[in-house]
There are 2 protein chains.
Amino acid sequence: MVARRDTAQAEMTTGDARRRILDAARRAFATAGFEGASTRAIALEASVAQSLLLYHFKSKEALWRAVMDDVFAGLNDWIIHHQPDLRDAGPAKRLMVLVRGFIDFCASDADIHRIITVEGRAATDRLKWLVDTHLRANHARVCALIRRGQEAGEVRPGDPTLLYYSFIAIAGTAFSLAPEIALVSGDDRLVEAQAIEDLIRALLLTDFATG
Amino acid sequence: MVARRDTAQAEMTTGDARRRILDAARRAFATAGFEGASTRAIALEASVAQSLLLYHFKSKEALWRAVMDDVFAGLNDWIIHHQPDLRDAGPAKRLMVLVRGFIDFCASDADIHRIITVEGRAATDRLKWLVDTHLRANHARVCALIRRGQEAGEVRPGDPTLLYYSFIAIAGTAFSLAPEIALVSGDDRLVEAQAIEDLIRALLLTDFATG
DNA sequence: TATAGTCCTGATCGATTGATCAGTTCGGTG
DNA sequence: CACCGAACTGATCAATCGATCAGGACTATA
């Protein structure tokens, strides 16, 4: 109900500002956190007036929620469209396909991991909303897969939640901390997704389920 | 030269404020980032006037650097005092002792991992200072150990920097994202250090070097 | 007692914050 | 043409930001 989508000509510019605001806000929230990001800096990067930002999204907090909806919709689309046919695959295979999808998504846009790690460190109302709206469902789905893999002897035993956050930490950190890694190592080469997948495979799977 | 330490009675209060400011600032910077943390909120939590904060540390940025010095001094002290005799141990053994030390330090205070991950996501002047002053030395030392372990066939082959940041990510995330993990899993049990060490052992070491 | 120096507070500065509102532009519909 | 609503801007609000400054409280030295 925010914008009519039945006309064609106006599409090029109408709603374009809204898209630019959303992208600029995602980058700002991911790097500086909620309080650290200012609506004026976001508006400046999106090349719009600051008042327009509060016209499309009625408050800074509502803008933040819109950014989160946008980011996780992108993640779900990515994983759905990049998954091969898995109807007759075992839990370990299905798990590693999800892992590889998450790695590639983080490689294409590290902001999602930055957002999770910047909001997850304090029990705020925003974190509660984020968990209820987006995080809990993903966690439950992947952990169920991990448990089935453990029962089949293909996935390493142990707390599924710990395994879940461990592979997310590995897959996300390599990209979300890219500026630090480049400075520390003195080398700004890009990390290879395959190397990360191999690491996570060694972490999650038993020797029995290699393949 | 900051405070004289030769009297006894005044000790209880003198210099105590400086310590409280440092601790409050560490928590604030770790959770909200540099811009997100306000000197007034820090002073309020430390139960001092905001102007006292800028009396002991001449600016917000100088306070931030003092907090970093304090945190990494604590890490180095912890690791030094918790290391057994390693004169005749192999690189894999020495590496895992360092890993366990880092795990236990994160368990006792998750702020160090929060600080690294909140500052490392943008190439600011603060990150450059942090890398030059504290991070690069640790990275070089541990990576040299990883390389020696790889040459001995005890440590998994691959980019040492990737292995370094992977084990730091696993060891730190479990504690720095404790609020999120508790909300997502609906269970606020504390993560066991031994379970994390076992995971990292599977990640870093080859089957050849078990033990 | 007088002097000096450290620790600390309250008041206040200009700049910036999120938010509100009046007014302008413009394409679509009557 | 007239009108309406959506998109957008500039001005401005109170609140908060980091920082500065004058001065009080206190101890040690002379």
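Of the 211 residues in chain A, 49% are buried, a term that here stands for under 20% relative accessible area, with exposed set at over 50% and partly exposed in between (1.4 Å probe, protein chains only). The model is a predicted one, in which local features need pLDDT of at least 70 and side-chain atom pairs count only at pLDDT 80 or more, while totals for chains, interfaces and linings use all residues. Residues are numbered from 1 along each chain as its sequence is written, chains are lettered from A and ligands numbered from 1 in the order in which they are written, and side-chain values use heavy atoms, with hydrogens and water left out.

The C-alpha trace of chain A spans about 60 × 45 × 35 Å along its principal axes. Among contacts in chain A with a separation of 6 or more, 69% are between residues 24 or more positions apart; contact means heavy atoms within 4.5 Å.

Next comes the interior. In soluble globular proteins, nonpolar side chains tend to be buried together. The largest nonpolar core in this model has 135 residues, a nonpolar core being a set of buried Ala, Val, Leu, Ile, Met, Phe, Trp, Tyr and Cys residues joined through side-chain atoms within 4.5 Å. Leu63(A), Leu204(A), Leu63(B) and Leu204(B) are the residues with the most contacts inside this core. Leaving aside neighbours within four places in sequence, the contacts of Leu204(A) include Leu95(A), Met96(A), Val99(A), Leu163(A) and Phe167(A), along with Glu154(A), Val155(A) and Arg156(A).

Rings of Phe, Tyr and Trp (its six-membered ring) pair if their centres lie within 6.5 Å, and planes under 30 degrees apart count as stacked, over 60 as edge-to-face and the rest as tilted. By this rule there are 12 aromatic pairs over all chains. One of them, Trp78(A) with Phe105(A), is edge-to-face, at 5.7 Å centre to centre and with 70 degrees between the planes. This pair links distant parts of the chain, 27 residues apart: Trp78(A) is in helix H4 (residues 60-81) and Phe105(A) in helix H5 (residues 91-108) of chain A. Trp78(A) counts as partly exposed because its relative accessibility is 24%, whereas Phe105(A), at 8%, counts as buried. Phe102(A), Tyr164(A), Tyr165(A) and Phe167(A) form one aromatic cluster.

Rings also meet charges here. A charge sits over a ring if NZ of Lys or CZ of Arg is within 6 Å of the ring centre and within 35 degrees of the ring normal. Arg126(A) lies over the face of Trp64(A), at 5.8 Å from the ring centre, and in chain B Arg126(B) lies over the face of Trp64(B), at 5.8 Å from the ring centre.

Grid points are joined across faces, edges and corners, and a volume is the space filled by probe spheres set on the points. The second largest pocket holds about 290 Å³ of space. Its lining has 19 residues, with Leu75(A), Phe102(A), Asn138(A), Val142(A) and Tyr164(A) nearest the centre, and H4(A) gives the largest share, 5 residues.

There are 4 cavities of 30 Å³ or more, and the largest cavity has about 240 Å³ of space. Of the 19 residues lining the largest cavity, Leu75(B), Phe102(B), Asn138(B), Tyr164(B) and Ile168(B) lie nearest its centre. H7(B) gives the most to this lining, with 5 residues.

Beyond four places in sequence, Val142(B) is in contact with Leu95(B), Leu98(B), Tyr164(B) and Phe167(B). His139(B) also has its place in helix H7 of chain B and is buried, with a relative accessible area of 8%. Not counting residues up to four places away in sequence, His139(B) touches Val184(A) and Ser185(A) as well as Thr161(B), Tyr164(B) and Tyr165(B).

Key:
Helices (H or I, at least four residues) and strands (E, at least two) are DSSP runs, numbered from the N terminus. On a 1 Å grid over the protein atoms alone, a cavity is a set of points where a 1.4 Å probe fits but cannot get out, and a pocket is an open set with protein on both sides within 12 Å along at least five of seven lines; lining residues have an atom within 4 Å of a point.
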